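Trainee: I'd like to learn how to read a protein model. Could you walk me through one?

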Amino acid sequence: MEKVQGEMEIERWERSEEISDAEKKVIQETWSRVYANCEDVGVSILITRFFVNFPSAKQYFSQFKHMEDPLEMERSLQLRKHARRVMGAINTVVENLNDSEKVSSVLALVGKAHALKHKVEPIYFKKLTGVMLEVIAEEYANDFTPEAHGAWAKMRTLIYTQVTAAYKEVGWAQYPTATL
Ligand code: HEM
């Protein structure tokens with residue numbers, strides 16, 4: 001069947017976002033240093049930056065939705081547990097970048113649980129993955145080459161598009177646009 005203009009554009013966009021083998025290697029190398037420091041980086045992504053910059057994201061967490069003090073937040077067990085889970089899920093994605101089915105199934109599970117069980121607005125995934133990129137770049141400071149930056153930008157797009165695709169699949173009312 002002949003493709004319409006829109007479909008061709010999506011295909012072109014998907015191709016341009018494809019993560020090359022060299023980029024996968026860069027992602028795995030940079031991630032290993034970040035993950036070795038999992039608890040601290042998880043906490044800095046999810047507390048110091050994410051919940052402080054986007055306090056409305058706290059609404060979904062019963063135990064710290066009213067907390068204001070970042071130090072108190074850092075001590076919250078619920079938050080630390082979620083930080084570890086986020087880091088663990090990203091680690092599975094990074095480890096399986098060569099297995100696109102595994103990557104899709106992990107991210108689809110995350111998307112479906114957050115849509116159906118936690119009822120999190122998908123826009124927060126855009127914000128969280130943006131913060132994740134900033135924190136990783138800072139962790140590497142001068143070592144974070146433009147190539148690494150480009151590879152991580154694609155990784156962010158991968159997480160966001162696959163998570164939001166799962167939102168769409170379960171019929172989330174205001175499906176966000178796929179672009180970041
Ligand atoms: C890449 C981003 C994220 C990953 C990989 C992730 C992963 C997870 C995992 C593995 C769980 C536990 C299993 C489950 O119930 O589904 C979980 C729970 C949860 N997530 Fe996320 N999450 C992410 C982003 C977010 C965001 C942006 C929010 C809200 C702003 C959020 C809110 C929650 C809540 C409220 C729970 C339940 C917490 C509890 O029961 O104590 N998550 N997440």
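Mentor: Let's start with a term: buried means under 20% relative accessible area, exposed means over 50%, and partly exposed is in between (1.4 Å probe, protein chains only). Take H114, which is buried because its relative accessible area is 16%. Before we go on, this is a predicted model, where local features need pLDDT of at least 70, side-chain atom pairs count only at pLDDT 80 or more, and totals for chains, interfaces and linings use all residues. Residues are numbered from 1 along each chain as its sequence is written, and side-chain values use heavy atoms, with hydrogens and water left out.

Trainee: What is the secondary structure of the protein?

Mentor: Helices (H or I, at least four residues) and strands (E, at least two) are DSSP runs, numbered from the N terminus. Here you get 8 helices and 0 strands. Buried residues make up 40% of the 180 residues.

Trainee: And which residues does the "domain: Globin" annotation cover?

Mentor: The UniProt annotation, from an unreviewed entry, covers residues 18–168. UniProt positions are given in the numbering used here, feature names are shortened, and annotations may be inferred rather than shown by experiment. Over residues 18–168 the chain is 77% helix and 0% strand, with its end C-alpha atoms 21 Å apart.

Trainee: How many Å should helix 5 span?

Mentor: The expected span is 1.5 Å times one less than the number of residues. For the 19 residues of helix 5 (residues 77–95) that gives 27 Å, and the end C-alpha atoms are 27 Å apart, which agrees.

Trainee: Which residues of helix 5 are buried?

Mentor: An α-helix has 3.6 residues a turn, so residues three or four places apart point the same way. In helix 5 the buried ones are L79, A83, V86, M87, I90, N91, V93 and V94. They cover an arc of only 160° around the axis (taken from the directions from the helix axis to the C-beta atoms), so they sit on the same side of helix 5. On the other side, L77, R85 and E95 are exposed.

Trainee: What do the buried residues of helix 5 pack against?

Mentor: Think in contacts, meaning heavy atoms within 4.5 Å. Their partners include helix 2 (21–36), helix 6 (100–117) and helix 8 (146–169).

Trainee: How many aromatic pairs are there?

Mentor: Rings of Phe, Tyr and Trp (its six-membered ring) pair if their centres lie within 6.5 Å; planes under 30 degrees apart count as stacked, over 60 as edge-to-face and the rest as tilted. A search of the whole structure turns up 11 pairs. Look at F51 and F61: their ring centres are 5.6 Å apart and their planes are at 85°, so this pair is edge-to-face. Since F51 is in helix 3 and F61 in the loop between helix 3 and helix 4, the pair ties together parts 10 residues apart in sequence. F51 counts as buried at 2% relative accessibility, and F61 counts as buried at 14%. Both belong to one aromatic cluster formed by F50, F51, F54, F61 and F64.

Trainee: Where is K58, then?

Mentor: K58 is in the loop between helix 3 and helix 4, and it is buried, with a relative accessible area of 4%. Leaving aside neighbours within four places in sequence, K58 is in contact with F51, F64, K65, M67, E68 and M73.

Trainee: Back to H114: which residues does it touch?

Mentor: H114 lies in helix 6. Not counting residues up to four places away in sequence, H114 touches H82, K119, V120, F125 and Y167.
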